[in-house]
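Good morning, and thank you for coming. Please look at the structure on the screen while I take you through a few of its features.

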Amino acid sequence: AAVLRSGFSSHDGAETLAVNLDSRRARVARWLLGGVRRGQELGSLLGYRFERALHDAGKDALIDDFRASYPAQVAPEPQDGAEQRELWKRSAEAIAARNVVDGMALARDAARAAAPFRTTDPAVAAVIDDVADALDAVGDLLLAESVHQLVGGNPLRAGLAADTLGRGEDVPDRFDVLRTPHRARALTHRVAALLPPDPARPAGWATDALATLEPRVEAWAADALGPAAGRRLTGVLTIPAASADAGAAGPEAGEPPVDEPPIDGAPTDEPPAASEPAPVERPFELGADELGFGALTTALLVSGADHSRLDRRVGELEGAPGASVRYDGPAWRELRGVAARVRSLLASAQPLLPAHVASGEGAEQVVADLGELRGRLTRFVATLPRRGDPDTPAGRLRKLARQAPDEGWLSGVMTALAEVLGANVPLTPLLAGARLGPPPPREGGAKLRDSDLADWVRRVGAVRPSVRTWHELLLLTGASAGRACPLTASQAPRASNLWIGGTFDPTRRPAARQHLVGHVLGPLPAGRPLAGIVLDEWVELLPGSDALAETKRGRDAVPAESELTGLSFHFDRPDAKAPQAILLAVPPSPERGWTEDGLALVVRDTLELAKLRAVDLGDLPLLDDVLPAIRLNKQAPLGGLADDHWVELAEG
């Protein structure tokens, strides 16, 4: 900033170094340069921005006129072997002639006030000014980034930023000049469902193959849906007339079959066939306990876009196989609302691993039982069709089930399982040695309450979509069960004396680096393994430096959220510039060192010697042999004239 400010002040009245990188201009410049980095032309991107602004202003009729005045530049196709063939290929693929305004040409004409397509409409003039300002913002960002890298000692990135638009490629992927370094501590927040090794399930849900594969996620889904008998599927069955009148339309026993019409289509004496009867619509209502599916399977089938499997099951139970099903009614909408939230949370969920419940050396003491998980996976694969074909998702899952678990095994298994199920379902290993510890206290040492945790979830849900979905699911589950869903919190290191999610004195903030808020599905027995699914995870930066916390006490204590920054001051440069010389002096007494009087005498002596040793203009001819840097060849015409001139000056 100081270098750019100095350059601007040194060019009074010029706009060359007038850099403006406010938030809006920086955001626009990054968007445009991001498009250039992905292969677009800057003129095209400015043109897209210009035409969209005209559309938003209701000036679509002017777009064709601007395209005619500023057609997009497409290089002519070169001959084979020409150097510009790749450039032409990119430009021709990216944009065709005259299908967008050339924003570069428009912005340059607007800057020179020489636009061939003049307008008196203030709305259009504002749009043109916006395009010119966007182009100027790009130039400001590249200039500032180049100076930033140059001052920081990175000439390679400085040249890359300065020559970005000239080459049209190798656009920087980040702009360090826009990044503000903060003194902060990283705090990882997680929300999860904490599951005991043998969780209980509400009554009525069947144990299908998916429930056997993942009994703990099945229990979590069943807890969200509640008892199966309390969930109803309602709607209308549309039964074809042939199925509704099955057996009535066919010939009775002993009657001869009806003769088919002649092949040539000759008329017969039979009466014309009657029109087909209309299909029959019949309402239905089924309990989820009648389907024979597990809670997790039901949630995925109800919330998915394809209901074919569910339709077949409903048709079988209603005695109308092949009937089309239309689901409707308050009970169905309530069931689908809960199931959709379960599916949305599972889409980004991951299993609870040792690193989620402990940090540092403590994570090494928590062991994930992948052997037990592999056994469940093997039994599930045995129920899949086409598992013998290695090219099918079931075949790939079978291959993984036969491999020994390693570091990336669980991730690969979950990816293959998602292909088989059509939805993401986390596989939760049992964690032996995991210990969450008691919830930390609030400010003042008060016990952490469920209402405090629920309020934290509500506040975080305002900015985290997954947490908001989880909060809504907890509310629906609690309303259905008539009770509040139990929550707990844990943080590491556990030595922190306050809850990191609450309020606390900035100078006494907790030392936590990991924070876990979980929904407890059931009692977690001490000494037994636990499992869980992480529903969301993010990192928050706590401003300030922990190393300086001890200095922020006393009468004028500085809050821990303060930042260290810097200021640059501009001073007018002196009229007389110092010569490029160095004064090297040694103190008269090395034992005593420098004193104020001694330093002043050295400077005074230096000035006196400089006056004695100064060379006047008349002394130059006499010193031509002493000063080789200014010695002239007297044999040359110019040297002879100069020598005579100096002699005349000295004698005169």
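Let us begin with Leu 237, whose bridge partner in strand E4 is Val 325. Please keep in mind throughout that what you see is a predicted model. Strand E2, which covers residues 232-239, pairs with E4 over four bridges, and the sense of this pairing is antiparallel. In general, the strands of a sheet pair through backbone hydrogen bonds, and they may do so in a parallel or an antiparallel manner.

In what order do the three strands form the open sheet? The order is E3-E2-E4, with antiparallel pairing. E3 and E4 stand at the edges with a single partner strand each, so one side of each has no neighbour in the sheet. From one strand to the next, the twist averages 30°.

Let us turn to the helices that meet this sheet. Helix H14 lies across E2, E3 and E4, and runs at about 105° to E4. Helix H15, residues 330-347, also packs on the sheet, where it touches E2 and E4. The direction of H15 makes about 120° with that of E2.

The next topic is charge. Side chains of opposite charge can pair when their charged atoms come close. How many salt bridges does the model contain? The count comes to 31 salt bridges.

A second pair consists of Asp 452 and Arg 442, which meet in a salt bridge at 3.3 Å, N to O. Asp 452 is part of helix H21, residues 450-461, and Arg 442 is in the loop between strand E7 and H21, so this pair ties together parts that are 10 residues apart in sequence. Asp 452 has a relative accessible area of 14% and is buried, because the limit for that term is under 20%. Arg 442, at 24%, counts as partly exposed.

Asp 455 and Arg 459 form a salt bridge of 3.1 Å, N to O. Both residues lie in H21, four residues apart, which is about one turn of the helix. Asp 455 is partly exposed at 29%, and Arg 459 is partly exposed at 41%.

Salt bridges may also share partners. In this way Arg 24, Arg 25, Arg 49, Asp 130, Asp 133, Asp 136 and Asp 140 are joined into one network.

Finally, I would like to consider helix H3, residues 42-56. Its 15 residues, at 1.5 Å a residue, should span 21 Å, and the end C-alpha atoms are 21 Å apart, so the two values agree. Which residues of H3 are buried? Among them are Leu 42, Leu 45, Leu 46, Phe 50, Glu 51 and Leu 54. Just after H3 comes Gly 58, which takes a positive phi of about 75°.

Thank you for your attention.

Note on methods: Residues are numbered from 1 along each chain as its sequence is written. This is a predicted model: local features need pLDDT of at least 70, side-chain atom pairs count only at pLDDT 80 or more; totals for chains, interfaces and linings use all residues. Side-chain values use heavy atoms; hydrogens and water are left out. A salt bridge is a side-chain nitrogen of Lys or Arg within 4 Å of a carboxyl oxygen of Asp or Glu. Helices (H or I, at least four residues) and strands (E, at least two) are DSSP runs, numbered from the N terminus. Buried means under 20% relative accessible area, exposed over 50%, partly exposed in between (1.4 Å probe, protein chains only). Two strands pair if DSSP finds at least two bridges between them. Axes are lines fitted to C-alpha atoms, for helices over the stretch in contact, and angles run from 0 to 180 degrees between N-to-C directions. Contact means heavy atoms within 4.5 Å. The expected span of a helix is 1.5 Å times one less than its number of residues.
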